[in-house]
Structures are given as structure tokens and as C-alpha cells.
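Biologist: I would like to learn how to read a few features of this structure with you. Could we look at it together and take them one at a time?

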Amino acid sequence: MRIEFQKWTLFLLAAVFGACSYTSFIVPRKGVTADPVIAAAGDIACDPADANYNGGIGTETACHMKATSDLLLEINPVAVLTLGDNQYEVATLSEFNQSFDPTWGRLKSIIHPAVGNHEYKTPGASGYFNYFGAAAGDPEKGYYSYDIGAWHIIALNSNCSEVGGCGFGSPQERWLRADLAAHPAFCTLAYWHHPRFSSGRYGNNPDYEAFWQDLYNAGADVVLVGHEHNYERFTPQDPNGVADPVRGIRQFIVGTGGKNLSPFVNVGPNSEVRNSDTFGVLVMTLHPNSYDWRFIPEHGKGFTDSGAAPCH
């Protein structure tokens, strides 16, 4: 009881004193076993032919994949979840090797990727599947699941036309229901590329209603997505976008991996926190029955977002 109290006290202090080093948020006290720490972002590496590529270090407004990958090396998570559009513009294997590999590829051994729409600009997303290999799952599917600590983690493929659809009864949706039934974990996180809910230029997307319904029925806790090149956190919602603090799923949009940033258009009713001018990564600590989160900005930027919540 005393250890648990101390842990939450330290977290609250870190949230209040946001200017403190984020390393104190993830480094456990001596003698205390650490719960797993993961990091996530999408929309990452510029095309080497991009005018903003600048030898891989980017410009003031774009191609910050080196800066965000430097954060990952400092954070030293047990896993990195990429949220699609890992590589621009058409995600050939050559582009991956030139841009993603020397930056985020430094953590390739712990990356669990999700596939984005830019990957499919190369037929069959062959550059993506060849680069990540077995870590990306079956190239005919691009969806898979695994466990980290006490959590069950599910990577889905939101490029629906490439995998036989995303709706109710589609092969992927049937797989998702079966996977959730086979892994009734206390805490569950799912991630894919395109948001179900968004205040950005793409807005809400009903194509992923079936994903949300299945996850909601199974008591899932968190969804991570990209596609919108900004950061947005929503209050927990049901499949219809109604706030549901008891059973709802909390969605984070983390399209801040480096490519470029984009503004918000129509703010959703359950949007709690938004930022469109800061590259960075989302860090989560996965406790056995709860989670902490904090958005870590690239060095020199002040925006952050942090909190904690129990699992369902």
C-alpha cells in the first residue's frame, strides 16, 4: 500500500511540475520493479527527396524524425508502437532504408508497427513489409496482436480496401472479435492509422465503427492512431462518440512523429487536449490495472500532456 501511494504521489508531482525532466516520469525508484513503458507516434519519416529533408535533420517546420527518434533513445521504452505512415511519400524499401532506418530504425528491434495509407502507395505495401519483416505480421493482413506485461495489445490495419474491409463481418473484424475473446486481459490497447474521431481536417470516420464496437464490447481501454498530423486526446467514448467515463475508450491521436504538422478544423465535443505545433511522442506506463501517459515534446518545445486512468 505504501509503495502504491508513493508511486501515485510521484506521478502527480511530475504532472504538476511539467518543466521537470521527463526521465523522472519513467525511471523507477531503486528496489521497485518497473511496469512496462511504451512509446508511440505516427506520420514519421520524410521522403529523402523532400525539400525539407535537409540531410536527415529537417527544417524548422518539417522532417523532425531525427529529433523524435532521439527522444525514444533517451526514454528507452520496452516497445515502440508506430501508428502508420512510417515512411513518406510512397514508402519504398529504398526510402525506408534512407530515412526511417537511420532515425527511428535505431529502435527497430522493439518496434511493433501499424501500416498507413502511404505505405500502400507501393503496391501491397511491399516496402513496409520487407523492411519490418515478421514484426509487421502477415503481409496479406497487416494486423496482429501480442502482450506487454499484463496488457493485451492489438495492431489493426485501417487501410480497409487492402484487406477485405473493416466493417462488421469482414475478415479483419471477425479476427478482432476472436482475438479479444481469446485474450480477456484486464487492460487492452489497440492501435491503427486512421482516427475514428478527429478534430482535424479528416474528421470523424465511421469506417472504424466496427473496430470501436468490438473493443468497447470487450472492455478495451485505449486506442492510439495517427493520420492527422497533430496531437489530440479525447475523453473516453462509446462507439457513437458519446462520452462514457465508465466503459468508454480513450483515443489519442499522435501524428507527431516528424513529417509535418497540420491544424484543427472542427473541434469535437469530447476533445480534451489539442496541439498542432509540437513534434513528439506519447509515452505510456502500463500498470497491471491502470496506465499513465505523457506527451513528450522534442527538445526546445514546452507543450506536454499527462494523466492517469484505471483500466475497466
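**Reading the sheet, the disulfides and the loops**

Modeller: Let us begin with the sheet: 7 strands form an open sheet with mixed pairing, in the order β4-β5-β6-β7-β9-β8-β10. Of these, β4 (144–148) and β10 (271–275) stand at the edges with a single partner strand each, so one side of each has no neighbour in the sheet. On average, neighbouring strands of this sheet are turned by 15° against each other, direction ignored. Please keep in mind that this is a predicted model, in which local features need pLDDT of at least 70 and side-chain atom pairs count only at pLDDT 80 or more, while totals for chains, interfaces and linings use all residues. Residues are numbered from 1 along each chain as its sequence is written, and side-chain values use heavy atoms, with hydrogens and water left out.

Biologist: What do strand and pair stand for here?

Modeller: Strands (E, at least two residues) and helices (H or I, at least four) are DSSP runs, numbered from the N terminus. Two strands pair if DSSP finds at least two bridges between them. In general, strands of a sheet pair through backbone hydrogen bonds, either parallel or antiparallel.

Biologist: In which sense do β7 and β9 pair, parallel or antiparallel?

Modeller: Strand β7 (residues 222–225) pairs with β9 in the parallel sense, over 4 bridges. Strand β8 (residues 231–234) runs antiparallel to β9, and 3 bridges join the two. There, R233 has F252 of β9 as its bridge partner.

Biologist: Why is strand β9 largely enclosed by the rest of the structure?

Modeller: Look at burial, where buried means under 20% relative accessible area, exposed over 50%, and partly exposed in between (1.4 Å probe, protein chains only). In β9 (residues 250–254), 5 of the 5 residues are buried, so the strand is largely enclosed by the rest of the structure. R250, F252 and V254 point one way from β9, Q251 and I253 point the other way, and all are buried.

Biologist: Which strands does helix α6 lie across?

Modeller: Helix α6 (residues 171–182) lies across β4, β5 and β6, and runs at about 170° to β5. Contact means heavy atoms within 4.5 Å. Axes are lines fitted to C-alpha atoms, for helices over the stretch in contact, and angles run from 0 to 180 degrees between N-to-C directions.

Biologist: How many disulfides does the count come to?

Modeller: A disulfide is a covalent bond between the sulfur atoms of two cysteines. The rule used here takes a pair of cysteine sulfur atoms within 2.5 Å, and the count comes to 3 disulfides. With the bonded cysteines of the chain numbered in sequence order, the pairing reads 1-2, 3-4, 5-6.

Biologist: Which disulfides are left-handed?

Modeller: For C46 and C63, the torsion about the S-S bond is about -95°, so that disulfide is left-handed. Both C46 and C63 lie in the loop between β1 and α3, so the pair ties together parts 17 residues apart in sequence. The disulfide of C160 and C166 has a torsion of about -105°, so it is left-handed as well.

Biologist: What about C187 and C311?

Modeller: Their sulfur atoms are 2.0 Å apart in a disulfide, and the torsion about the S-S bond is about 110°, so this disulfide is right-handed. C187 lies in strand β6 and C311 in the segment after β13 (305–310), so the pair ties together parts that are 124 residues apart in sequence. Both C187 and C311 are buried.
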